[in-house]
Amino acid sequence: MTSRTSAGTDPVTHHSAPLAEPAEPAAGDRRRWFALAIVMTAAFMDLVDVTIVNVAIPSIQRDAGATFSQIQWITAGYALAFAAGLITGGRLGDIHGRKRLFLVGIAGFTLASALCGFAANPEMLVAARILQGGMAALMVPQVLSIVHATFPAHERGKVFGLFGAVVGLGAVTGPLLGALLTEWNLFGLEWRPIFLINLPVGIAGLILGSRFITESKAPKALKLDLVGVALVTLGLLMLLYPLTRGRELGWPLWGYVSMGGALVVLGALVAYERRKADRDGSPLVELSLFKVKSFAAGIAVQTVFGVALGIFFLVWTLYMQYGLGWSPLKAGLTGIPFSIAVSAAAGLSVGKLVPRFGRKVLQAGALVMAIGVLIYIWESGHYGLSIAPWQMALPLVVMGVGMGLIVAPLTDAILSEVPREHSGSASGLISTVQQMGNALGLGLVSVVFFGVIDDRLAEGAESAHGPAVGAAFADGFQHALGWVAAVMAVIFLLMFALPKRSAQHIEGAADDPSPAPRKEPALVG
């Protein structure tokens, strides 16, 4: 699992701008339910595709001969491409038609899945995963826009509830399905069916979507900001590439220069976005939002949370399969208590706790998750390589409860003081930084996990096999989890800048006769 997927319940919208209210859709049109099934299937396919990969990564590494930096890019490349394209994908749908962009996205996603499944070498697989993330960035932002344009207002609450169920189901199904497909080794294809399973689903979605989805556009859409996308992507690449390759290359000087240069590029992005906002009012990043303290702090929380989850889920998979020698199926089944705990706590958080206790629920979630991480560190050290799945259940449930208390209400807390005219842009930015944080966390795995393993194996080079390798992976796992616990403490402190109440009321709403902004669940792509 990775951040957006592991969360499974993150209520983030992917719109680049507030949707213009379309003419009220007709309630009697049965085609809208076919359209709903199609877009929900596409969203489910995207969710599962991310969660399905992590559990199969050790098999990919062994079968394809990928280096550890390449397996980092199999996940980080997807997250980076998805993040870089999210806002632009939403704007393209507003401009050129959401149905059209959805069909382009699902066709491209299906093609990229085929390229992943038939990849001849690790380099091709990484490239195909980057393409897949880019296509998801075209497909996913259209989903809620299509729903909004297709269903009348009185039906949307029920529809968005179904989306929440789909998100939760994707979080549980992905790892288990990935484990089963890898374990079964269908037709001798090893890990490849985890990608090829998308082909019949994508083709059916393309054919049925072209028939049943109604086209819609935004009457006044924001312009594209391709320069902003290029600067964001370049800055992150300059940061992530040296992080993932530096360990293998002996941390060369150019890596440090590149990481320093990334800060310069991101500074240039801020300057450019400021000028673009003054020039045509359609920057990729609405910088004025950061003047809102709760939004700025919330974006920091979302980014750092993405970093923590990016580290944890990759390291966890490698620890179970490489360190403990477990099969993909055993590792996949071990994660089920975590997924169930996340979904249950998320529902309780939004429905019961946040309306009563506000921000304290999110802060409690950060502390509970940190406690779960610390329990896991203790158990890993105490039981060593003989630890059993049932012994992991306690820390995983505690972590899942903590995560569930955070992910569901966090977006509302971040958006609560944002002016309503910027709510769409702010939502898109939340989704984007979550994915960027995830990609950064995956890059940091080289430092906080593999670096420790290298050191441990170097200390006992004469016995760097069998139990020694397992012990090194266990040490790396415990060290990486120490970082995750520290990050959760930082998140707890950052949350003091969030509103005390998870405001369902935007400031001034009591005096504003206009309709309240929609609260839509996310498709965590």
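The model is predicted: local features need pLDDT of at least 70, side-chain atom pairs count only at pLDDT 80 or more, and totals for chains, interfaces and linings use all residues. Residues are numbered from 1 along each chain as its sequence is written, and side-chain values use heavy atoms, without hydrogens and water.

I then checked the partner of lysine 276. It forms a salt bridge (side-chain nitrogen of Lys or Arg within 4 Å of a carboxyl oxygen of Asp or Glu) with aspartate 280, the closest N and O atoms being 2.8 Å apart. Both lie in helix α10, four residues apart, about one turn of the helix; helices here are DSSP runs (H or I, at least four residues), numbered from the N terminus. Aspartate 280 is partly exposed at 29%.

I searched the whole structure and got six salt bridges. One of them joins arginine 129 and aspartate 49 at 3.0 Å, N to O. Arginine 129 lies in helix α5 (residues 122-150) and aspartate 49 in helix α2 (residues 31-64), so the pair ties together parts 80 residues apart in sequence. I noted both residues as buried.

Last, I looked up valine 447. It is in helix α16 (residues 423-459) and is partly exposed, with a relative accessible area of 37%.

Note on methods: Helix = DSSP H or I, 4+ residues; strand = E, 2+ residues; numbered from the N terminus. Buried < 20%, exposed > 50% of the residue type's maximum accessible area, 1.4 Å probe, protein only.
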